[in-house]
Amino acid sequence: MDISLLQANILPTDATNNSTSYFPIGVQLLFALGFVGLVLGVTHLLGPKRKTAEKLQNFESGIEGVGNARHPMAIKYFLVAILFVLFDVEVIFFYPYAVNFRGLGWAGFSEVLLFVALFLAGFIYIIKKGALNWED
């Protein structure tokens, strides 16, 4: 096998898309899948196999499972989770500003202040509506 096949250098005269330019990606994919299969196989062969009633019992956060898992839950849990995701995603928009704050100047600063104002207005609206109150 020619070692030049592993290099993804395309000469200007060879501008066509042929399968040799994708060969390194295929090799990497095969190695990754092989590694995952090898690790799963070794852990399956070498891992402990003593299955007891305690080990097969459902377990979450140190609390034993009691009752049916299909009982209705309060909508407050889901509302708080959705609000967390919403505000968490909005905070992500601060990172590009933090990276480019000098280049954006005062115009960028005023836009970020407007974003924060709208962010706080939404948060105040949520508090006024009682979305974060746990007791009805």
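Here are a few questions and answers on the fold and aromatic contacts of this predicted model.

Residues are numbered from 1 along each chain as its sequence is written. In this predicted model, local features need pLDDT of at least 70 and side-chain atom pairs pLDDT 80 or more, while totals for chains, interfaces and linings use all residues; side-chain values use heavy atoms, without hydrogens and water.

Q: Which pattern does the protein chain follow along the sequence?
A: Helices (H or I, at least four residues) and strands (E, at least two) are DSSP runs, numbered from the N terminus. The protein chain has five helices and two strands. Read along the sequence, the pattern is α-α-β-β-α-α-α.

Q: Is F115 buried, partly exposed or exposed?
A: Buried means under 20% relative accessible area, exposed over 50%, and partly exposed in between (1.4 Å probe, protein chains only). F115 has a relative accessible area of 27%, so the label is partly exposed.

Q: What kind of aromatic pair do F94 and F115 form?
A: Rings of Phe, Tyr and Trp (its six-membered ring) pair if their centres lie within 6.5 Å; planes under 30 degrees apart count as stacked, over 60 as edge-to-face and the rest as tilted. By this rule there are six aromatic pairs. For F94 and F115, the values are 5.3 Å centre to centre and 80° between the planes, making the pair edge-to-face.

Q: How many residues apart in sequence are the parts that the pair of F94 and F115 ties together?
A: F94 lies in helix 4 (residues 94-99) and F115 in helix 5 (residues 101-129). The pair therefore ties together parts whose separation in sequence is 21 residues.
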